[in-house]
Amino acid sequence: MRFVIVAAALAVCACGPSTEASGIPEYGYQIVHTYPHDRSAFTEGLFYLNGFLYESTGLEGQSSVRKVRLETGEVVQKHDVPGQYFGEGIVNWKDKLYQMTYKTEIGFVYDLATFEERSEFKYTGEGWAFTSDGKRIFMDDSTATLRIWDPKTLKETGRLTVTADGQPVPQINELEWVKGEIYANVWETDRIARINPVTGKVVGWIDCTGLLLPSDRIESGPLQTDVLNGIAYDAARDRLFVTGKRWPKLFEIKLVKKSGAQ
Ligand SMILES: [Ca+2]
């Protein structure tokens with residue numbers, strides 16, 4: 001009897017908690033193109049619209065909203081956020097651009113064309129990232145929760161918990177709506193979750209390990225390279241862009257299936 005129990009335990013161990021055993025497909029990447037990126041930009045929000053990147057940068061005293069030329073990394077328009085605020089996620093809605101702040105529970109509404117501030121909005125908790133499917137805004141707050149907002153009123157209409165194998169996935173950060181899924185950086189990792197926006201389930205993991213080479217990193221000082229953060233998608237040309245906080249480069253990548261991925 002004792003032998004049977006040991007054998008059963010070994011059988012369970014053999015399955016183990018490995019990523020492959022979870023059944024969630026894994027993807028790597030292929031670099032399609034490399035673009036310059038302002039290595040002083042502490043990227044907190046990123047999206048692509050009509051040929052330009054729009055970027056939000058964080059840290060008190062260094063926060064901004066920028067319009068950036070993709071090909072050169074040139075900042076063609078910039079609005080500095082007052083020094084007491086730490087800029088976070090951004091999203092466009094019609095002729096407006098919304099920006100959240102980290103812990104100050106206030107957001108700003110700008111004119112998308114000029115970045116002139118039009119008004120402010122309030123929410124509770126931390127503000128991390130924004131994206132939109134064109135009808136709803138998705139917002140996250142450091143937890144595994146995605147809040148769903150009405151883009152016109154900026155009021156919450158629902159919530160979704162991001163889970164992988166039945167477990168919540170906390171620290172969901174920069175978001176991007178990509179072909180009916182929500183892509184999300186997981187903070188302090190090189191991983192991007194592909195999330196089903198109806199169930200909240202992670203349906204794929206993108207492993208971005210090694211994307212920024214050690215030779216492109218600065219290990220200390222005011223320009224110290226920080227984590228992967230920033231996903232943008234050009235739907236018209238099916239181009240996926242990723243960068244990071246104080247990364248000198250922004251990458252267009254294509255996903256490459258790892259073994260077992262569908
Ligand atoms: Ca984004």
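Which residues is Tyr-110 in contact with, leaving aside its neighbours within four places in sequence? I looked this up first, taking contact as heavy atoms within 4.5 Å. The list is Val-65, His-79, Val-81, Asp-95, Lys-96, Leu-97, Gln-99, Phe-115, Glu-116, Glu-117 and Arg-118.

**Ground rules.** I note that this is a predicted model, in which local features need pLDDT of at least 70 and side-chain atom pairs count only at pLDDT 80 or more, while totals for chains, interfaces and linings use all residues. Residues are numbered from 1 along each chain as its sequence is written, and side-chain values use heavy atoms, with hydrogens and water left out.

**Tyr-110.** I placed Tyr-110 in strand 8 (residues 106-111). Strands here are DSSP runs (E, at least two residues), and helices are runs of H or I with at least four residues, both numbered from the N terminus. Tyr-110 has a relative accessible area of 1% and is therefore buried. The cut-offs are under 20% relative accessible area for buried, over 50% for exposed and partly exposed in between, with a 1.4 Å probe and protein chains only. The side chain of Tyr-110 makes a polar contact with the side chain of Gln-99 at 2.7 Å. A polar contact is a pair of N or O atoms within 3.5 Å; within protein, one must be able to donate a hydrogen and the other to accept it, and residues adjacent in sequence count only if both atoms are side-chain atoms. I also checked Tyr-110 against Val-32, 78 residues apart along the chain, and found their C-alpha atoms separated by 33 Å.

**Ser-56.** Gln-99 turned up again among the contacts of Ser-56. Ser-56 sits in strand 3 (residues 52-57) and counts as buried because its relative accessibility is 0%. I found its side chain reaching the backbone oxygen of Glu-88 at 2.5 Å.

Strands 2 and 3 pair in the antiparallel sense over six bridges, where pairing requires at least two DSSP bridges between two strands. Thr-43 has Thr-57 in strand 3 as its bridge partner.

Next I read off an open sheet of eight strands in the order 16-17-18-19-1-22-21-20, with mixed pairing. Strand 16 (172-178) and strand 20 (228-234) are its edges, each pairing on one side only. Here the twist averages 35° from one strand to the next. Strand 1 (residues 26-36) pairs with strand 19 (residues 202-207) in the parallel sense over two bridges, and Glu-26 is partnered with Trp-205 in strand 19. With strand 22 (residues 249-257), strand 1 pairs in the antiparallel sense over nine bridges; Thr-34 stands opposite Phe-251 there.

**Strand 20.** Is strand 20 enclosed or open to the outside? Seven of its seven residues are buried, so strand 20 is largely enclosed by the rest of the structure. Strand 20 pairs with strand 21 (residues 239-244) in the antiparallel sense over five bridges. I noted two bridge pairs: Ile-231 with Val-242, and Ala-232 with Phe-241. The two strands form a hairpin with four residues between them, and Asp-238 in the turn has a positive phi of about 50°.

**Calcium site.** Ile-231 also gives its O atom to the calcium ion. Donors are N, O and S atoms within 2.8 Å of the metal (3.2 Å for Na, K and Ca), and water is not among the atoms, so sites may look incomplete. Along the chain the donor spacing is L-x127-E-L-E-x54-I. Leu-175 is buried because its relative accessibility is 0%, and Glu-176 is buried at 8%.

Why is the arrangement irregular? The six donor atoms subtend angles of 48 to 169° at the calcium ion, which makes the arrangement irregular. Six donors count as octahedral if opposite donors are over 155 degrees apart and all others between 65 and 115; four count as square planar on those limits, or as tetrahedral if all angles lie between 85 and 135 degrees, and anything else is irregular.

Technical notes
Axes are lines fitted to C-alpha atoms, for helices over the stretch in contact, and angles run from 0 to 180 degrees between N-to-C directions.
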